[in-house]
Amino acid sequence: MPTYRVDKAEALRYLGYAGQKTDDLLDERIDESIAACERDSAPAFVYKVFPVDASDGTIRLVGSSLVLKGSAIYEHLREARSCAVMAVTLGLANERAALRMKAKSALDAAVFGAAGSSLVECAADACEAAIVAEAAQHGLHTNWRFSPGYGDLPLDVQPAIVRTLEADKKLGMTVTDSNLLIPVKSVTAFVGLFDELREHTKRSCAGCACAAHCSLRKAGTPCYR
């Protein structure tokens, strides 16, 4: 199983930290909230891969009900052979802990939330790394993950993602009437799988968000070779 850790520097950036001086007491409270977030979270993910049909100017994922609207997602996937649909969450335990923290202290709750944002991105990186590894097994290359709400891809695709992945049963994930995910610390996204390495695709492990979880890199067979 992947190891998931909060990136403290990233969590502080979510809080708007820009090099301000912190005293020992505040730093200790931040560390305690980060430790609580890691303790009270159960990061998990699920994904499925579907063939892409872009023949009519719209992205349709064959074998699912997913039709992706918007020029941005079309450009992201129009040359893809297939697309991985992914969902990631920290789980309901994190959601409950966040509510307890909010009742206890606004400061601790803010740090806990920022830590959760960092931790769910870490889990999303692990999911993407699994997709990259599966793609490589089939001689395919990937681009980056693209989430609803980016560009002009509307949030109203969220319910279809959850249904398609059975993320409600597998991850305890639901969608509100305003198309927001519950638990709050959850992510959905699309990753394209391509026959050829795209020019803008990372050609080095340096700086790759998936590097810490990448089985290809550990085996000495990175995805760009």
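1. Helix α5 is largely enclosed by the rest of the structure, because 23 of its 32 residues are buried. The model is a predicted one, and this applies to every point below.

2. At 1.5 Å a residue, its 32 residues should span 46 Å.

3. At the start, a side-chain oxygen of Ser105 comes within 3.4 Å of the backbone nitrogen of Leu107. Just after the helix, Gly139 has a positive phi of about 70°.

4. The largest nonpolar core contains 33 residues, and Met86, Val88 and Ile131 have the most contacts inside it. Two or more residues come from each of α1 (8-14), α2 (24-39), β4, α4 (92-104), α5 and β8 (186-194). The biggest contribution is that of α5, with 14 residues.

5. Val88 deserves a separate look. Leaving aside residues up to four places away in sequence, Val88 touches Ala44, Phe45, Val120, Ala123, Ala124, Cys127, Leu171, Met173, Lys185, Ser186 and Val187. Another core, of 27 residues, lies apart from the largest one; among its members are Ile59, Val85, Ala87 and Val162.

6. Now the strands. Strand β1 (residues 44-53) and strand β4 (residues 82-89) run antiparallel and are joined by eight bridges. Within this pairing, Val85 of β4 stands opposite Lys48.

7. Strand β1 also pairs with strand β2 (residues 59-61), again in the antiparallel sense, over two bridges. Here Val52 has Leu61 in β2 as its bridge partner. The hairpin formed by β1 and β2 has five residues between the strands, and Gly57 in this hairpin takes a positive phi near 85°.

8. How many aromatic pairs does a search of the whole structure find? The search finds one. The pair consists of Phe146 and Tyr150, with ring centres 5.9 Å apart and planes at 65°. An angle over 60 degrees counts as edge-to-face, so that is how the pair of Phe146 and Tyr150 is classed.

9. Are the two partners buried or partly exposed? Phe146 has 9% relative accessibility and therefore counts as buried, the cut-off for buried being under 20%. Tyr150, at 47%, counts as partly exposed, because exposed would require over 50%.

Note on methods. Residues are numbered from 1 along each chain as its sequence is written. This is a predicted model: local features need pLDDT of at least 70, side-chain atom pairs count only at pLDDT 80 or more; totals for chains, interfaces and linings use all residues. Side-chain values use heavy atoms; hydrogens and water are left out. Helices (H or I, at least four residues) and strands (E, at least two) are DSSP runs, numbered from the N terminus. The expected span of a helix is 1.5 Å times one less than its number of residues. Buried means under 20% relative accessible area, exposed over 50%, partly exposed in between (1.4 Å probe, protein chains only). A polar contact is a pair of N or O atoms within 3.5 Å; within protein, one must be able to donate a hydrogen and the other to accept it, and residues adjacent in sequence count only if both atoms are side-chain atoms. Rings of Phe, Tyr and Trp (its six-membered ring) pair if their centres lie within 6.5 Å; planes under 30 degrees apart count as stacked, over 60 as edge-to-face and the rest as tilted. Two strands pair if DSSP finds at least two bridges between them. A nonpolar core is a set of buried Ala, Val, Leu, Ile, Met, Phe, Trp, Tyr and Cys residues joined through side-chain atoms within 4.5 Å. Contact means heavy atoms within 4.5 Å.
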